[in-house]
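Let's take a walk through this model, starting with its pockets and ending on its surface.

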Amino acid sequence: MWSIAFSAANILALVMWVALIFLPRWPALLSAALYLGVGLLCAAYSLGLIGIVSGLLDPVGGSASMDFGSIEGVRRIFASDGGVTVGWIHYLAFDLFVGIWIARDADAKGFSRLVQGPILLATFMAGPLGLFIWLVVRERRARAGGRWK
């Protein structure tokens, strides 16, 4: 079950990222990426997390032993297929959400798709790295007095 959920989440995220990077940014496409992509990933994450915490799905010791405050506790959570899958879906959902924000922000500020592409790819592959690059790029233009449009 977990391998199917893991694969389905990866495919969904990949399709949304390819659309976000390569297709025209029609409002319907951005809505689909947000509500179908991020929304479905958030729903899958929520169901998986509730299932794990409640002990109904791949229990990792029940909610009493869920310990997010120590490396050992987090390691125990990620020691199960369910914990890894839910954790991975968490990354996919937030990275895609950040990618959508970057794309919308970059479009609004007049950045070319050639500039956006590598930043979005970095966000897809390593979320915070891509976000950091975007924040530096947009701030440099703002400080240089560059026009947004």
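How many nonpolar, polar and charged residues are there in the lining of the largest pocket? The count is twelve nonpolar, two polar and one charged (Ala, Val, Leu, Ile, Met, Phe, Trp, Tyr, Cys and Pro are nonpolar, Asp, Glu, Lys and Arg charged, the others, Gly among them, polar). Before going on, keep in mind that this is a predicted model, where local features need pLDDT of at least 70, side-chain atom pairs count only at pLDDT 80 or more, and totals for chains, interfaces and linings use all residues. Residues are numbered from 1 along each chain as its sequence is written, and side-chain values use heavy atoms, without hydrogens and water.

The largest pocket has a volume of about 260 Å³ (a pocket being an open set of points on a 1 Å grid where a 1.4 Å probe fits, with protein on both sides within 12 Å along at least five of seven lines; lining residues have an atom within 4 Å of a point). Helices H1 (2-22), H4 (81-108), H5 (113-125) and H6 each give two or more residues to its lining, and H4 brings the largest share, five residues. Trp 88, Tyr 91, Asp 95, Phe 124 and Met 125 lie nearest the centre.

H4 turns up again in the second largest pocket, where it also gives the largest share of the lining, five residues. This pocket holds about 200 Å³ of space, and its lining has ten nonpolar, three polar and no charged residues.

Definitions and conventions. Grid points are joined across faces, edges and corners, and a volume is the space filled by probe spheres set on the points. Helices (H or I, at least four residues) and strands (E, at least two) are DSSP runs, numbered from the N terminus.
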